[in-house]
Amino acid sequence: MRLTGKIILLIGLSTTVILSIIFAILTAHYNKQIENTLVNNSRILYNMVLTVRHWASDYGGVFVKKQSGTKINPFLPHPFLITRQNDTLAMRNPALITREISELSKKMIGDAFFHMASKKYLNPANKPDAFEDKALTYFETHKDKKEFYKFERMNNKLYFRYFAPLYTEHSCLTCHAKQGYKEGDLRGGVSIHISAESFERARNENKFFMLSSLILTIVILSMLLYFGMRRAIIKPIENLTNAAEELEAQNYNFPLKAPPRASVEIYKLFEAFRRMRNSILASISMAKNSENKYRSLIENSPEAIGITDPKGIIIETNRRLLDLIEAPRADILGKSVQDLIDKNTIKYLSEPVVSESTVRHYETYLIKKNREKIPVEIFEIHDIFLVPKEQITFFYMRDLRLRKKLEQYSIQMEKMLVLGELSAGIAHELRNPLFALANNLDYLNKELKGQIKFQEIYPELQTSLNQIHKIVSAVLDYASPHQPEFRQIDLMQVINKCLILVRKKFEKAHIKIEQEFTGDCFSILADPYQMEQVFINLFINAFKAMHDHGHLRIFGYCKNSTVCIGIQDDGIGIAPEHISRIFDPFYTQFKSGTGLGLSIVQKIMNQHNARITVKSAKDEGTTFTLIFPRNETKEI
């Protein structure tokens, strides 16, 4: 919204709110005066009725000469008397007197009358209506209150209804003691009706007058304030705004002059703006040259670069860093470098050197937008000043993924070389002694069949010898595996065949086996014998990792051009620091293991141009996922 619109809105709202409050207070005060007038008139009428009742009550009622049409009160014990002159005198008690005066008031006054009401009425004419019943109930619970009133519309006319209580006095007991009243009891009340039509018309006329005056006052006052502010403030500010827009458009040759009769403050503002324009012209050339050099240096760097302010917030990056993280620039700016790296894996390659600047050299992992981690080497250079009093920090980041792969490949090749040499040594050095031991042990078993002590140690010797054979065979299988013989196989059938071999073992340990396969893509080219080795090794590892009442889940699905088989257990899991070693030869977490099962699985998978991944957490189980290429032919 433009400033002019805001000022108009502000002036209009301010004057409207202030004047509306003032006029609302005046209107409320006027309405309150009307209400007070009606209440006072009702109180006067109530006191007059009360005076008449007291007078009649003090005399125990009044006998009047019966006229034509005068009705005898049937509710009185002595409703009439006959004089010696044979005249009939009708008894008029306080209630009857006030009721007859009320009926007379309706005829004579019309706009103001009253009515007697009681919950314990004898005369049906004294039966309370809804308002009177509500008022009597109110006085029963609020004995300290003296009046009850409200506006009510009756027969399409507005009335002010007023109700005041009547309490039993000593003089009233003559007539009402038989009804159970005691002195001080609420006996009923006087209900007064006063027409409020004239008051309502006066209130509406006052409301219309107030509203008209309010609108007229708001319009006149808003116009006066607006034109005054426009001349003194808005117009000069519009001129400055136009000048600022010229600066934004890089047009610096425009007239800039304060309006005539401008205030001292406005004049000083125009002069300051003029000086600022001249200063901008002098600085732009220098800034452009510096910016071009700075951006060329950053963008053309072969390494990823991040620049942070003194608080560690990234203020600039080059394209290389964005490519590494695979995130747009907007997602990086405003974050800390510490949010982009894994702080727990920082490994310093040299001690921080302090000279003219502070340099830190370390390796860690850069976290991509998809939470994947990339190994990087970082040079962190502090206390750099591109401009005075503006300290920044440079981060040079080098992608180490290729170097790490080469290092890992070199280590793996070295392990394979050592394992090959070790396997050859075992084959030559152990097989012949083992064969001799096995024959001699069988000979001793036959010769010493009756020796109890020998028969006690023979099973242990036989078991140990078989374990040594098992280790030697596994080492030789790993070192010199046969070449796979590929043919079309169904992985589901291979898995079911392997489960037949281990199912009894799992059932005995109360381990539940669940299978879940989605799709019909499980036919691949593979060596069935080697696939059986893979699954048997993984099933046995899962069995060792679980205690009684475990759960083994085998699932499969198709994904793009691959077939995925998952083997998930809820066993002891693998600690994060051990996951990288589980495929190393002779590494095992189980006392009875050889440490070669997963090494053999990985080697078989590599021969099938397939991959194996592992996801595990301590005490939360482990999931191995085998990923095979789909519909890929092999050279046999």
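This is a predicted model: local features need pLDDT of at least 70, side-chain atom pairs count only at pLDDT 80 or more; totals for chains, interfaces and linings use all residues.
Start with helix 3, residues 130-141. Twelve residues at 1.5 Å a residue should span 16 Å. The end C-alpha atoms of helix 3 are 17 Å apart, which agrees.

Now look at its buried residues. They are Phe-131, Glu-132, Ala-135, Leu-136 and Phe-139. These residues cover an arc of only 135° around the axis, so they sit on the same side of helix 3. An α-helix has 3.6 residues a turn, so residues three or four places apart point the same way. The other side of helix 3 carries exposed residues: Ala-130, Lys-134 and Thr-141.

What do the buried residues of helix 3 pack against? Their partners are strand 4 (112-117), strand 5 (148-154), strand 6 (157-167) and strand 7 (186-195).

Move on to helix 5, residues 197-248, where Ile-215 is placed. Ile-215 has 49% relative accessibility. The cut-off for exposed is over 50%, so Ile-215 counts as partly exposed.

Finish in the loops. Glu-326 lies between helix 7 (319-325) and helix 8 (329-332). Its phi is positive, about 60°, although Glu-326 is not a glycine. Asp-619 is found in the loop between strand 19 (611-617) and strand 20 (621-629). Asp-619 is not a glycine either, yet has a positive phi of about 65°. At 58% relative accessibility, Asp-619 counts as exposed.

Conventions: Residues are numbered from 1 along each chain as its sequence is written. Side-chain values use heavy atoms; hydrogens and water are left out. Helices (H or I, at least four residues) and strands (E, at least two) are DSSP runs, numbered from the N terminus. Buried means under 20% relative accessible area, exposed over 50%, partly exposed in between (1.4 Å probe, protein chains only). The expected span of a helix is 1.5 Å times one less than its number of residues. The arc is that of the directions from the helix axis to the C-beta atoms. Contact means heavy atoms within 4.5 Å.
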